[in-house]
Amino acid sequence: MFKKFSSEEVTGQNQVKASVQRKIRQNIADEYPDLEPLLDEMLPKKSPLIVAKCQNHINLVVVNNVPLFFNVRDGPYMPTLRLLHQYPGIMKKFRVDRGAIKFVLAGANIMCPGLTSAGGNLDEEVPADSPVAIMAEGKEHALAIGYTKMSAKDIKSINKGIGVDNMHYLNDGLWKTLHLD
Amino acid sequence: MAVKLQPVQVLYCPVCSMPAEYCEFSPEFEKCKSWLIKNAPDLYPQLVQEAADKAAEKLDGLTVGGEEDGVKGEGSSSEPKKEDEVKRLPGGKVKKKVTFEDMQEKPEVVVEKIVRNKRKCVTIIKGLDMFGIKLSEASKKLGKKFASGASVVKGPTDKEQIDVQGDIMYDIVEFITDTWKSVPESAIYFIEDGRKVSANA
């Protein structure tokens with residue numbers, strides 16, 4: 001999704017109203033309860049919260065020129081990988097096997113077999129259509145952020161096709177966008 | 001869980017920007033290696049081993065010291081074949097470096113267009129001073145020719161450059177070569193998509 005993302009894709013940035021700001025905070029807090037105590041630090045009430053609209057209905061939540069969260073249309077907010085690396089505990093985790101890493105890093109969606117094989121691991125409670133962190137076998141940090149296409153149980157039972165949509169992965173356009181101004 | 005989470009410090013590789021443990025999947029793994037050996041030896045023990053082996057080999061005089069610690073990547077991952085292909089790259093890399101340095105020494109004019117507010121842009125001309133051209137005069141001439149604002153601005157690293165309002169890429173080359181005969185066309189470069197492109201191509 002962010003494969004070819006660059007700052008040129010930002011079609012408009014605006015500082016959002018306080019009410020919208022509150023809504024975004026609430027959404028993020030609902031999605032990631034562990035992050036809630038940190039939100040004051042991350043999204044200070046004083047400093048302006050900027051929402052950058054990009055192509056393909058992507059919104060980026062930007063604080064101090066650093067993109068922190070993104071979402072698609074009205075979907076759930078997802079942290080950027082840099083943020084997730086700092087707070088790895090906030091998201092549900094899926095793990096892919098070693099063979100899948102290079103495809104994921106090229107932007108491929110995560111196929112079920114990569115999650116169900118020996119190197120993979122699933123968080124059983126994840127329903128369909130929810131954001132997950134994609135970890136990798138033998139690695140400590142997340143390599144992608146995905147959006148489940150089916151629930152974890154379905155992934156196990158069907159074991160075929162796309163299990164998780166790859167939203168954001170290491171070295172994609174968003175990853176390379178350290179600052180947005 | 002109301003416990004405040006502490007941010008985890010992640011070691012990022014400066015070469016490929018990914019966390020060090022993912023370097024092996026980077027297309028530039030070869031370039032990462034020397035950094036990895038220094039900064040994250042525990043992640044890739046076999047690399048360190050290789051480097052040590054290589055140094056030992058060199059001491060023994062078994063290898064001809066052509067490539068300076070280009071770090072061979074033998075069997076560091078599951079695909080030795082691919083590694084083989086990459087291995088030949090260091091020679092090319094070295095070459096590139098040399099030409100880059102040459103370019104740095106040669107006086108050249110670099111023209112760059114920066115887009116702001118979508119449709120408005122500024123053309124930045126760097127390096128005219130290297131040809132002994134007075135920048136203030138040059139900016140006046142440019143302003144007159146293109147009927148727009150042109151100013152001398154202190155750019156990054158204290159080098160002075162000329163900012164001209166508007167997109168004047170289309171005939172900047174002609175103008176420069178006509179006005180200042182000392183500037184050859186071959187010394188003018190455009191920056192397109194972050195790459196340097198010669199203007200006379």
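Analyst: Happy to. Two residues are in contact when heavy atoms of theirs lie within 4.5 Å. By that rule, 24 residues of chain A are in contact with 22 residues of chain B. Please keep in mind that this is a predicted model.

User: Thanks! How much area do chain A and chain B bury between them?

Analyst: About 2000 Å², with 57% of it on carbon and sulfur atoms. On the chain A side, A:D34, A:K139 and A:H141 lose the most area to chain B, and together they make up 23% of what that side buries.

User: How many salt bridges does the rule find across the interface of chain A and chain B?

Analyst: The rule finds 2 there. In one salt bridge, A:K139 is joined with B:E24, and their closest N and O atoms are 2.6 Å apart.

User: And which elements give two or more residues to the side of chain A that touches chain B?

Analyst: Those are α2 (36-42), α3 (81-86) and α4 (98-104) of chain A. As for polar contacts, 10 residue pairs make them across the interface of chain A and chain B, with both residues at pLDDT 80 or more.

User: Let's switch to sheets. In what order do the 5 strands of the open sheet in chain A come?

Analyst: The order is β6-β8-β9-β10-β7, and the pairing is mixed. At the edges sit β6 (93-96) and β7 (110-111) of chain A, each of which pairs on one side only.

User: Do tell me about β9 and β10: do they run parallel or antiparallel?

Analyst: Antiparallel: in chain A, 5 bridges join strand β9 (residues 144-148) to strand β10 (residues 162-169). To pick out one position, A:G146 has A:N166 in β10(A) as its bridge partner.

User: What about the largest nonpolar core, which residues touch the most other members?

Analyst: That core has 77 residues, and A:L60, A:F94, A:L143 and B:L36 touch the most other members. There is also a second, separate core of 23 residues, which includes B:V109, B:L135, B:V173 and B:A187.

User: One last residue. Where is B:S139 found?

Analyst: B:S139 is in helix α5 of chain B, which covers residues 135-146.

User: Is B:S139 buried or exposed?

Analyst: B:S139 counts as buried because its relative accessibility is 8%, and the cut-off for buried is under 20%. Leaving aside residues up to four places away in sequence, B:S139 touches B:A150, B:S151, B:V152 and B:I162.

Note on methods
Residues numbered from 1 in each chain as written. Chains lettered and ligands numbered in written order. Predicted model: local features only at pLDDT ≥ 70, side-chain atom pairs only at ≥ 80, totals over all residues. Heavy atoms only, no water. Core = buried A, V, L, I, M, F, W, Y, C linked by side-chain atoms within 4.5 Å. Buried < 20%, exposed > 50% of the residue type's maximum accessible area, 1.4 Å probe, protein only. Pairing = 2+ DSSP bridges. Helix = DSSP H or I, 4+ residues; strand = E, 2+ residues; numbered from the N terminus. Buried area = accessible area lost by both parts, 1.4 Å probe. Salt bridge = Lys/Arg side-chain N within 4 Å of Asp/Glu carboxyl O. Polar contact = N/O pair within 3.5 Å; in protein donor to acceptor, adjacent residues only side chain to side chain.
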